Amino acid sequence: MIELRSDTFTLPTREMLEAIIQTPLGDDIYQEDLTVREIEGLVANVFGKEAAILMPSGTMANLASIMAHCPRGSKVLVGNESDIYIYEAGGASVCGGIIYDPIPTQSDGRLLIEDLMRAFPEDQDDPQFALPSLICIENTHNRMGGRVLPLSYLNEVQVFARRRGIPVHMDGARIFNAAIAIGKNVSEIAQYTDSLQFCLSKGLSAPVGSMVVGNKEFIKKVYRIRKMLGGGMRQAGIIAAPALIALKQVESRLNKDHIHAKQLAKGLSLIAGIECDESTVDTNIVYFRVVDKRYDWKTFIERAKENGVNIAELGHGRIRAVTHSGITSKDINSTLEIFKGIMQEH
Ligand SMILES: *Cc1c(COP(=O)(O)O)cnc(C)c1O
């Protein structure tokens, strides 16, 4: 099976599994797991932030970050197509008493400053209003095709947020994809944020985990909230050890994924009955539509699966394909051949 549904299907390499056996472990709730200490130190450094913390998932990383920034009864400004708003079970409302204020998402993943501005009440002293306490942006933007937010835009958001006296959190689940796509270090992106979470378990191909970075005081709050949410982990070095290996190999790995995504998008754009805009593929995510009248997205996905390719619908009838370490250039060619075959049936 050619697995294109998500980069979360990546499996740990032999080297990663061996690292788990070798690495020193301890109780991380006592802060005595040396492997966790190592990855937290390394990641803080790489992102140019004071501190970092290992989290069990991206969802908890975002939730704990939002709760650390936002008082109860305040509003978090999120994109209406963001992972935080759509896929995270409303955690900030349920656990944090925080209101999600969904802001329209542009096709390139940006939230317009003028739209953010509208979320602020004219009279901040009027006790009737819930006040915005955080802006969340997503980079790369999953539901908007893995698009990368430009640094100039990040700067605009930061200037706006500072003027309004609130912080910026970046859901950077795929931040390394963003950095590699624009040829910058992650610290050059992270400098425009107060906090950022990224996933170890996506393109990086580690089996489990996410990290949050920010200043010391903020990470201390996240640490407490992580414990409250049940995310304090004991010998968490078994999560950190494979992730350390993933971080060392990140650049060469993700570059390949981006090349494969471009290859796929270009091929798809040439197949009659499929619509794909190659020019919007910045990273490892490809969206396309089936416009052939004999299929809808459901029947096309079924036919693809019967022929050995796994893909999935991801909002508004669009089909998503994600490249990752388990996908080779040959797999992309096979996928394109299979799709062509499906279109030539009947
Ligand atoms: C996957 C993802 C998350 C959540 O990560 P989990 O580890 O699956 O909880 C958050 N944001 C974005 C953009 C993602 O792609």
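Tutor: Lys202 is buried, because its relative accessible area is 15%, and buried means under 20% relative accessible area, with exposed over 50% and partly exposed in between (1.4 Å probe, protein chains only). This is a predicted model, in which local features need pLDDT of at least 70 and side-chain atom pairs count only at pLDDT 80 or more, while totals for chains, interfaces and linings use all residues. Residues are numbered from 1 along each chain as its sequence is written, and side-chain values use heavy atoms, with hydrogens and water left out.

Student: Where is Lys202 found, and which residues does Lys202 touch?

Tutor: Helices (H or I, at least four residues) and strands (E, at least two) are DSSP runs numbered from the N terminus, and Lys202 sits in the loop between β7 and β8. Contact means heavy atoms within 4.5 Å; leaving out residues up to four places away in sequence, Lys202 touches Asp7, Thr8, Thr10, Ala173 and Arg174.

Student: What does UniProt list for Lys202?

Tutor: UniProt positions are given here in the numbering of this structure, with shortened feature names, and annotations may be inferred rather than shown by experiment. In an unreviewed entry, UniProt lists Lys202 for "modified residue: N6-(pyridoxal phosphate)lysine". From UniProt, again as an unreviewed entry, comes the feature "domain: Aromatic amino acid beta-eliminating lyase/threonine aldolase" at residues 3-289; that span is 44% helix and 15% strand, and its end C-alpha atoms lie 18 Å apart.

Student: Is Thr140 buried or exposed?

Tutor: Thr140 has a relative accessibility of 2%, and therefore counts as buried. Thr140 lies in the loop between β5 (132-138) and α7 (151-164), where, not counting residues up to four places away in sequence, Thr140 touches Gly146, Arg147, Val148, Arg174, Asn177, Ala178 and Thr283.

Student: How should I read the confidence of the model?

Tutor: pLDDT is the predictor's confidence in each residue, from 0 to 100. The protein averages a pLDDT of 97, and 100% of the residues score at least 70; confidence is lowest in α11, at a mean of 96, and highest in strand β6 (residues 168-171), at 99.

Student: How many residues does the largest nonpolar core have?

Tutor: A nonpolar core is a set of buried Ala, Val, Leu, Ile, Met, Phe, Trp, Tyr and Cys residues joined through side-chain atoms within 4.5 Å. The largest one has 57 residues, and those with the most contacts inside it are Phe47, Ile137, Phe176 and Phe198. Helix α11 (residues 237-269) gives the most to this core, with 10 residues. Apart from it lies another core, of 28 residues, including Leu264, Tyr295, Ala304 and Val309.

Student: In what order do the strands of the seven-stranded sheet come?

Tutor: Two strands pair if DSSP finds at least two bridges between them. Seven strands form an open sheet in the order β2-β8-β7-β6-β5-β3-β4, with mixed pairing. β2 (51-55) and β4 (99-103) stand at the edges with a single partner strand each, so one side of each is left without a neighbour in the sheet. Within this sheet, strand β7 (residues 195-199) and strand β8 (residues 210-214) pair in the antiparallel sense over four bridges, and Cys199 has Ser210 in β8 as its bridge partner.

Student: Which helix lies across β2, β7 and β8?

Tutor: For such angles, axes are lines fitted to C-alpha atoms, for helices over the stretch in contact, and angles run from 0 to 180 degrees between N-to-C directions. Helix α2 (residues 34-47) lies across these strands, running at about 130° to β2.

Student: What is the order of strands in the sheet of four?

Tutor: This open sheet has the order β9-β10-β13-β12, with antiparallel pairing. β9 (274-275) and β12 are at the edges, each with a single partner strand, so one side of each is left without a neighbour in the sheet. Four bridges join strand β10 (residues 285-290) to β13, while β12 and β13 form a hairpin with five residues between them, where Gly315 in the turn has a positive phi of about 95°. α11 lies across β9, β10 and β13, running at about 15° to β10.

Student: Which residues cover the two faces of β13?

Tutor: In a regular strand the side chains alternate between the two faces of the sheet. In strand β13 (residues 319-322), Ile319 and Ala321 lie on one side and Arg320 and Val322 on the other, and all are buried.
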